[in-house]
Amino acid sequence: MEADKLAQQVSDAIVTDSRIQYLHVWLAGVLGGRDYSFATASADASFRRYFRIGHNDQTIIAMDAPPPQENCALFVHAAEVFLAAGLNVPKVIAQDLDQGFLLLSDLGNTTYLSALNDESAPELYSDASAALIQLQLASREDAFPDYDEELLSREMQLFPDWYILKYLGLTLNEKQAAVLSNTFALLNKNILSQGQVFVHRDYHARNLMVCEQNPGILDFQDAVYGAITYDLVSLLKDAYIAWEEPQVLDWTIRYWQSAQKAGLPVPNDFGDFYRDFEWMGAQRHIKVLGIFARLYHRDGKDAYLKDMPLVMEYLRRVCARYVELRPMLRLLDELQGQSPQVGYTF
């Protein structure tokens with residue numbers, strides 16, 4: 001087993017090195033053979049990587065998104081839609097969709113995550129909320145795929161497939177599987193009844209940049225047309241930074257009031273909106289736990305394990321608050337009691 005893993009790592013390294021070589025060849029052509037500096041900017045939870053290129057006294061970003069794992073055309077399309085909505089997203093300077101290379105304008109290296117604190121948070125979240133409303137006001141049905149029941153369910157299925165089976169090493173019995181299935185159905189029913197708008201799908205502090213026009217917005221290639229609460233949940237119940245519930249409630253109310261004034265499809269009663277917000281969050285947290293487990297077990301990325309307890313705490317709070325979701329809370333309790341010790345507690 002260890003030999004197979006080592007062989008895969010060697011294979012991945014060879015592919016990675018060859019892609020960087022191809023990227024340099026492409027950059028030389030795009031930049032007219034002029035000298036440039038080259039440094040890693042970031043890598044994310046997917047196969048995409050980003051490099052900061054110094055050229056003509058400015059910096060630009062090269063994206064390496066290897067086909068067939070990634071589809072640069074989705075990024076280019078979403079960038080056009082978001083730019084048309086007036087948002088601050090990277091502009092596509094050059095592209096080679098066949099090779100999976102893009103050259104983009106640089107929004108800097110100061111993420112919301114690195115800048116957020118008690119003093120900066122009110123203004124930064126106000127800017128992010130305003131940009132979100134701006135995006136949602138530009139919504140139309142034909143721009144992105146529908147965030148439909150099939151996609152919502154497929155995302156939540158990551159939880160039993162990767163978190164329960166692979167990470168916890170457990171198999172659900174018939175009764176437990178029924179609880180999970182019923183919970184998924186309840187969440188889907190609520191989510192699909194919500195107002196439908198453009199959804200960034202990863203609108204959180206690692207993908208928002210502190211810029212002159214706040215926020216700079218990254219990582220939008222998976223955009224869909226779906227529930228209006230999704231991006232707000234991503235922002236305010238972030239897997240990478242936590243705020244006290246009264247503060248989250250305050251920011252949620254402020255968004256809801258602004259959305260109402262803008263004519264967006266939110267309920268007239270805040271209690272109904274907050275329930276939608278929380279149930280959408282439950283779907284997202286179920287999915288994220290599965291994704292983090294998959295990143296660890298399939299991709300060998302263990303950095304996200306430390307973020308699991310916060311995501312689980314979000315999920316448990318919501319399930320405890322609503323009687324319809326309490327069977328899911330009891331299931332989580334059962335899984336906690338059965339699971340082997342893995343070095344993290346929830």
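1. Which side chain meets that of Arg 321 in a salt bridge with an N to O distance of 2.8 Å? In this predicted model, the partner is Glu 245. Because Arg 321 belongs to helix α11 (residues 308-321) and Glu 245 to helix α9 (residues 245-262), the contact ties together parts of the chain that are 76 residues apart in sequence.

2. Through shared partners, the salt bridges join Lys 237, Glu 245, Glu 278 and Arg 321 into one network.

3. A further salt bridge brings together the side chains of Lys 287 and Glu 155, at 3.4 Å from N to O. This pair links distant parts of the chain, since Lys 287 is in helix α10 (residues 270-297) and Glu 155 in helix α5, 132 residues away. Both residues fall in the buried class: Lys 287 has a relative accessibility of 6%, and Glu 155 has a relative accessible area of 5%. Over the whole structure, the search finds 19 salt bridges.

4. Helix α6 (residues 158-167) is mostly covered, with seven of its ten residues buried. The buried positions in α6 are Leu 158, Phe 159, Pro 160, Trp 162, Tyr 163, Ile 164 and Tyr 167. As a general point about spacing, an α-helix has 3.6 residues a turn, so residues three or four places apart point the same way. Just after α6, Gly 169 adopts a positive phi of about 70 degrees.

5. Ala 73 is placed in helix α2 (residues 72-84) and, at 32% relative accessibility, counts as partly exposed. The C-alpha atom of Ala 73 is separated by 28 Å from that of His 285, a residue 212 positions away along the chain.

6. As for the overall form, the secondary structure of the protein comes to twelve helices and nine strands. Taken along the principal axes, the C-alpha atoms fill a box of roughly 65 × 60 × 40 Å. The radius of gyration is 21 Å, which agrees with the value near 20 Å that a compact globule of 346 residues would have. Of those 346 residues, 48% are buried.

Note on methods. Residues are numbered from 1 along each chain as its sequence is written. This is a predicted model: local features need pLDDT of at least 70, side-chain atom pairs count only at pLDDT 80 or more; totals for chains, interfaces and linings use all residues. Side-chain values use heavy atoms; hydrogens and water are left out. Helices (H or I, at least four residues) and strands (E, at least two) are DSSP runs, numbered from the N terminus. The radius of gyration is taken over C-alpha atoms; the globule rule is 2.2 Å times the number of residues to the power 0.38. Buried means under 20% relative accessible area, exposed over 50%, partly exposed in between (1.4 Å probe, protein chains only). A salt bridge is a side-chain nitrogen of Lys or Arg within 4 Å of a carboxyl oxygen of Asp or Glu.
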